[in-house]
Every structure is written in C-alpha cells, then in structure tokens.
Amino acid sequence: MCSSFRSLLPALRAVTARCPPSQICTSLRTYATAAAPDYEHKPSHYGQPLFQSHPHLLRPNELTPGIPSEEYERRRKDLMDSLPSNSVVVLIAAPVKYMSGSIYKYRQASDFWYLTGFEEPDSAVVLEKNASSRGYRMTLFSNGKDSAKEKWDGPRTGFDDALNVFKADDALTIKAFPAQLRSMISLYSNVYIDLPQSPRKNARSTKSLLRYLSPPVNPRSEYETVVESLSSSRRKPLAPLIAQLRAFKSVCEQQVMRMAADISGRSHAKTMRFTRPGISESALAAHFEYLCSLSGSQRLAYVPVVASGPNALIIHYTSNNQVVQDGEMILMDAGCEYNGYASDITRTYPANGSFTPPQKELYSAVLSAQKALVGLCTEAEELSLHDLHRKSCDLLRQELKQIGFTLHTGDLERVLYPHFLSHPIGIDLHESSHSDRGELLKAGMVITVEPGIYVPPTAQFPKHFHNIGIRIEDEVLVGEKHPMVLSVSAPKEIADIEGACQGQLGLEPI
C-alpha cells in the first residue's frame, strides 16, 4: 500500500460511518470500516457480494448492500404472521435471459430478493408456517458448489453458507425442488404461490408461424405442472401480499433509495453541463449511464428518454437517435438502479443553457403545479393517488389559463396532459401492479410526482408554445406531516438549471 493512500484512510473511514437511523443519508457509501480476513482472496467463495468477500460494498451486519440480515428476517416473519395456520409460501428465482448465446446481466426476481436477499439464478425458497418462536421454517434450494461449472460461470454459494449466511433451516440442491415441492405442499391447505410470467402473451395458444421460428426459451417446467395440479381452493396468490409489505419502506430502504436518487440526480446535473447543440440524444443517454455506473450503480432502472425538441411530445420516446438543435429543450427521463432499488427522475432543460421566454413561461407553470403537488404528499392530507391526479389537473388548468391557454373539454386530459401523475417506486420502477390508486397515502410510502405538458402544433394552442414538451418528476417519500424529496440532487429551479448547464454551479460534465 502506497503512503499517499495510507494518508487517505482516516478520511475514508470517517466518510463511511453509518448515518443515525433517524436520518436519511445524503452521501454515497464508499468503503466499509473493517476488512474481513479474506479481503484479498480472489475469486470470491460466494455467488454474490457478501461482507466476507466484498467489505468495500457491505458492512458486517448487511446481507445485501444497505440492508441488514435482520431486516430480511423481519420481512419473512411479517409475511408469515399475516397468513392463516396451515400455510406454506413458495417462490422461485428469475430465469436467466440470453442474447446471442450470452447471458444478460442477471437480475433476481423482485419478490424473491425482497424475502431472501439471495441473488443466484436456479434457486427457490419454501417457507412453512409453524408454531416455533421464529414462526416458520425456511428451505433454500440452489445449485450449490460445482467446481467444473464455477470455472466457466464464477463462484456459487455453498449449502453451508445458505444456512449460516442466509439463515435457512435447510439447504438443498435445486434438482430436488420439484419432488420436495410436491411433498411439502401436500401437507398444507393454503399454498401461496405464483407461476412465473410467460415471456410472451398467449405463448401457448399462438398459431402463427412465428411460434415455430421463435420457440419459447423455457419449455413447460415440472414446477408449473406441480403448481397447476393444485386445486383452486388451496392455491392462493402471493404477490399481492408481498406488495403490501413492499409498499412501506424501512429506514434502511429509504437510505438506499436516497443514494440511488443522489446518483441519478447528480448524473442529471452533469449531463446538463455536458449538453450542447449538435450533440446526439444517444450521446446524452450514454453519458448519463456512464456517470451512474461510475458512482456504483449496477444498471439503469429503465431505458432512458432523451427527447429533444418536438420528440418530447412522445411520452415514451426511447429511440434517442436524433441530433439536438440550438434553441430546443431536452426532456430527459432517466434513473439508475442502485443496490436493488430503482430511481426515477425527469428534468427538462434548454440545450444551449438558457430558456427562451416561452420556454421559461411554460416551464414555470409546470414547476409551480409540481411543487404544490409535492407538498400534498403527506399522510395528514388524507389523499390518494387518484386525488393527487385530480388536483394536478386542476392546478395545471389554472396555470395554463394564466399564460394564455384557452382550454376546452378534453384539451388538458386528452391532449396536453395524457398520463397519470404518479406511481409507487421501490425495488421495481413501477410497484403498482398490485397497488390501489384509491388507497390513502401513508408515511413510509415512496411515490413519483410527475406532471407534464406537451403542446402539439395545432391552432387551438398558443403558437409560441408549439412543439414544447415539459415534464418534471421527483421521487417523494411520504411523511406524516411533511414530504421528503429524495431526488433533490437534480436541479429543478430555472436558475439552478441554467447554472448547471452553463457551469456556474461548479459542476464538471464528468
């Protein structure tokens, strides 16, 4: 170790001290304060980063970065305590996806990861409710160690570590899973289980030639056969129950989500500085992704929207293949995934660093509405997502009238503002497949607030606003009386945006 690096160690250790539980960390973690004895051992002994092999990523009590082992135990217990007697829970890992014979970067199934923290494919978990002090018995199925395959694909977690690290009561090979599953579920009257989603809708009933040119990647599995043999009275949906738990973010989850939003927010700011007329939309998307990766992000949370000029009128514009022109606005909807949690931020800014008067006027209208809506994201307001959306329509209508729009029935909701205001966010970008938009917001939920106005070049709208699309999106942690904007690192005020673009905030593009 060189002497210059030794001199930095006290500072690095100070930076990495854990934030108090009552606070949300605003600085990114760098290195853990202590190194395990086998820190220098490469390759790792495990199928995913653990403190024993990656002390620069995890602290001693963490099972995954930022989330302690005890929290995974609490999640499982909360789920099992909510179930009736004589119940069993079954989850399987996400399948491996391939492209041109190579494996995509693997991402674990969200519910499976939420309950186990286990990140390897070809795995499954069974939780059996019982009368023990723990409240359940956990069996983890996985590939286990295999030196021949590990030579090609990298290390795997052994069965002993599945017991000791992941707190399973029993660890078995995944090859035994179908037989064990058939035996286990025969003992219970309530089987909480979900079949994996088919990669294509109506894949089994498709009669077109494409079915034969592109056969499904995975044939019908023995697991599906076992599950479908269950009577409808015994088989219960699992995902809606886990969704209820995932809706409320713990302090640790809030900290990780704040870190994800900080990475994305700073990348937005630096991409503003990087932008100039004549650059391609794809270069801006690549720059954003590079900055996120450089800061520790594992992947983007979704395909980014980098829409210049009239492209911003396309809500989900992801082609990102045109050139930015002088005088245009850029709508960038982009966020990273960090340590298992998504971020989702949209900013709209001038390509040349300065708003024109019409751009500034329309942007100010959207910003005023967005800030008012953020302020309503509290439990005390007793509002639902539907309520917030209705208020967003009222606020945007008022703001547009003040800057010269004459709106007729349907102009706002069908043309200028055709999308919904908000969605829950967490491990998944849209944690809304099992959520109720009519449910009142509660403290601990995290949602997006993203009003937008998209003005087509038609005669009923003021001409100087034509072909301008503006959306402003933040991630908001719902509080009892006060909301917290997690995405505060992304410039939003006009002066801050122009300062970021022009280099007046001390930002460098990289």
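Predicted model: local features only at pLDDT ≥ 70, side-chain atom pairs only at ≥ 80, totals over all residues.
## Basis of the model

Local features need pLDDT of at least 70 and side-chain atom pairs count only at pLDDT 80 or more, whereas totals for chains, interfaces and linings use all residues. Residues are numbered from 1 along each chain as its sequence is written, and side-chain values use heavy atoms, without hydrogens and water.

## Helices α12 and α13

Two packed helices are described by the angle between their axes and the distance between the axes. Helices here are DSSP runs (H or I, at least four residues), numbered from the N terminus. The axes of α12 (residues 357-374) and α13 (residues 385-402) come within 9 Å and cross at roughly 150 degrees; axes are lines fitted to C-alpha atoms over the stretch in contact, with angles from 0 to 180 degrees between N-to-C directions. The two helices are therefore roughly antiparallel (over 145 degrees).

Contact means heavy atoms within 4.5 Å. Among the residues of α12 that meet α13 are L362, A365 and V366.

## Helices α10 and α11

The axes of α10 (residues 251-274) and α11 (residues 281-294) also come within 9 Å, crossing at roughly 140 degrees.

## Residue S422

S422 lies in the loop between α14 (411-416) and β17 (446-449), where a strand is an E run of at least two residues. Leaving aside neighbours within four places in sequence, S422 is in contact with L385, I447 and T448.

Note on methods: Parallel < 35°, antiparallel > 145°, perpendicular 65-115°, else oblique.
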